[in-house]
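Let's take a walk through a structure together, starting where two chains meet and then stopping at a few single residues. Keep the picture open while you read.

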Amino acid sequence: MPTKAELAALMQLPDDRGHFGPYGGRFVSETLIGALQDLERTYESLRQDPEFQAEFDKDLAHYVGRPSPLYHAERLSRENGGAQIYLKREDLNHTGAHKVNNTIGQALIAKKMGKPRIIAETGAGQHGVASATVAARLGLECVVYMGIEDVRRQALNVYRMKLLGATVVPVESGTRTLKDAMNEAMRDWVTNVDTTYYIIGTAAGPHPYPKLVRDFQCIIGREARQQSLDQVGRLPDALVACVGGGSNAIGLFHPFIEDGDVRMYGVEAGGYGIASGQHAAPLSAGRPGVLHGNRTYLMEDDAGQILSTHSVSAGLDYPGVGPEHAWLKDTGRAEYVDATDDEALAAFRTLTRVEGIMPALESSHAVAYALKLARTMREDQFIVVNLSGRGDKDIHTVASLDGIDV
Amino acid sequence: MSRIKDCFARLETAGRKALIPYVTAGDPSPAVTVPLLHAMVEAGADILELGVPFSDPMADGPVIQLACERALSHGTRLLDVLDMVAEFRTTDSQTPIVLMGYLNTVEVLGYGNFATRAKAAGVDGILTVDLPPEESDDFIEVMRAADIDVIYLLAPTTDESRIKSVCEKGSGYIYYVSLKGVTGSAALDVAAVEEKLKQVRRHTDMPLGVGFGIRDDASARAVSQVADGVIVGSVLVNRIAELATQPQQIPEQVSRIIAGMRAAMDA
């Protein structure tokens, strides 16, 4: 564990060039630099602006429905044994996931910048839905890029986006998943940069995105920290969150960075198992490289080509990860583990049956690891698990694994 | 003198502008690339930009994305591209070659290792699309030590202070991106390009190449009248894609496009 001074330094990151230690930065073509500089300037002035913050807080309260509850899953904790499990209920947010915290914030920036059109990439479709939702509310045009493989897996969310008035563009290049959707969104942005705001959905990409997405998602950790103090009388022993790009995890973790006694576990998608090579766990099994505008851990081959990933959950099916997680790993402040498809599916069923809460397959990875971790802990300890999204969108995936056509 | 400097000096003496074609190495198959490079030189190309295939060419349009996918389907790696350059050099010691690609393939090799091997193969310059000057201090140092020019992009959206910094850090030539968009985008506005190049001129004596949106003889000619170099890619790569099943025709067919542009530029 880093020293107190080192933890305080971690809280201050990124530096003014967007670096988290050796990670992050702004690795993009010159054609995007101007747009990123504009965004950075606008964001830096808005984050100091009490009026902007008040508008954001008001939307979170009255549109998103915050604060989200911190729920003590008593029956689950009892049946599982060991530490008490508390669920941070981001699944209860408007649109059903944590993604909306960020899209509300970024849409407000888009509005301030006078951009009439927003674009987004999406994997599971949660960020696409959250973007289409804020676009509908603000009367902005919205185009969502989505890998054609994910369009198939997440048909329900595709239709939701269309109902909300967004155009969903299926992406057929590369591996046809989230990373390719991000490539296409970047291409759109560079072409239509005068009129368009790109809402990146995860805490990755070129500076200032990892910082601003984190800042908007930190509401999760700030609430969870206060709720722990109010409801339990102390801070949790551990935090657990799933990590694809890592926005829900960094939102939970960041406000606890200086609380050195609170352990943090990011759970990557183990797919068919790390040993199989068929997974989406760059922090567990990848190495540092440069993709999508930032230096971070990647899944790549010996020649630096990005590998295709596998996860049962579309939202975790990404070969990179946010740069702040890369640095939290290297500094030892957070630990990164994995849960396989099967473990996540089992956790999905367990939480549904035992607590009547149906988690997203992404969040099920966090639940799966938390159940294991809890069993190694005492009953008087407690874990906060970020239940980042609800599972309605995944019902047909789970049903088809059961051989049922819904 | 470096091959790139030498090339622009010769062109200046002759009163001509540089024609700089781009093709993706290994597209549609590795055997095509070296004969294609020679054929393009014969047809009038002055400098060759050789694309290093990457799985996620974010700044490129669908044409070059697909070229990368074709090349990667045969497993064309950066080291294979260097082998192609070395093979090309056995019979052409004069034409400059610039590698163009994305940083990650170079990072994996390590900057020093890459620079040594690239120099030995006969590479003259490198343009890493996703490595802006702010992030490239180490990179420049290593490439300079190996005598490899680091070529940077400038865009219509680049402001004055960045133009200055790019001109200070870059060498070889400047690649001016003529329009907002990815490679293979729509037509360019020559008057706007001319205006911007004048602004760049105030900061550097380096040759200014212009790329993006040059798709025929007329646009090559128009750009050659305001720039030092005309960079053409997607229109060639498109032709390669059309001939992917008859690869033996590629050198000749692509050269025809080059020859047409050459004639238009020199007319």
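Start at the place where the chains touch: 37 residues of chain A are in contact with 37 residues of chain B, where contact means heavy atoms within 4.5 Å. What you are looking at is a predicted model, where local features need pLDDT of at least 70 and side-chain atom pairs count only at pLDDT 80 or more, while totals for chains, interfaces and linings use all residues. Residues are numbered from 1 along each chain as its sequence is written, chains are lettered from A and ligands numbered from 1 in the order in which they are written, and side-chain values use heavy atoms, leaving out hydrogens and water.

So how do you put a size on a meeting like this? The size of an interface is often given as the accessible area lost when the parts come together. Here chains A and B bury about 3000 Å² between them, with 49% of it on carbon and sulfur atoms; buried area is the accessible area (1.4 Å probe) that two parts lose on being put together, summed over both. Glu30(A), Arg187(A) and Gln305(A) supply 23% of the area that chain A buries against chain B, more than any other three residues.

Now for the polar side of things. Three salt bridges are found across the interface of chain A and chain B, a salt bridge being a side-chain nitrogen of Lys or Arg within 4 Å of a carboxyl oxygen of Asp or Glu. There are also 18 residue pairs in polar contact between the two chains, both residues at pLDDT 80 or more. A polar contact is a pair of N or O atoms within 3.5 Å; within protein, one must be able to donate a hydrogen and the other to accept it, and residues adjacent in sequence count only if both atoms are side-chain atoms.

Zoom in on Arg162(B), whose side chain meets that of Glu30(A) in a salt bridge (2.5 Å, N to O). You'll find Arg162(B) in helix α8 (residues 160-169) of chain B; helices (H or I, at least four residues) and strands (E, at least two) are DSSP runs, numbered from the N terminus. Arg162(B) is buried, with a relative accessible area of 5%. Buried means under 20% relative accessible area, exposed over 50%, and partly exposed in between (1.4 Å probe, protein chains only). Not counting residues up to four places away in sequence, Arg162(B) touches Glu30(A), Ile33(A), Gln37(A), Pro132(B), Pro133(B) and Glu134(B).

Next, slide over to helix α6 (residues 111-121) of chain B, where the buried residues are Tyr111(B), Phe114(B), Ala115(B), Ala118(B) and Ala121(B). They cover an arc of only 135° around the axis, so they sit on the same side of α6(B); the arc is that of the directions from the helix axis to the C-beta atoms. The face turned away from that buried side carries the exposed residues Thr116(B) and Ala120(B). What do the buried residues of α6(B) pack against? Their partners include β12 (293-298) of chain A, along with α4 (78-89) and α7 (137-145) of chain B. After α6(B) comes Gly122(B), with a positive phi near 110°.

Met1(A) lies in the segment before α1 (4-11) of chain A, and Met1(A) is exposed, with a relative accessible area of 58%. Met1(A) and Thr331(A) are 330 residues apart in sequence and 7.6 Å apart in space, C-alpha to C-alpha.
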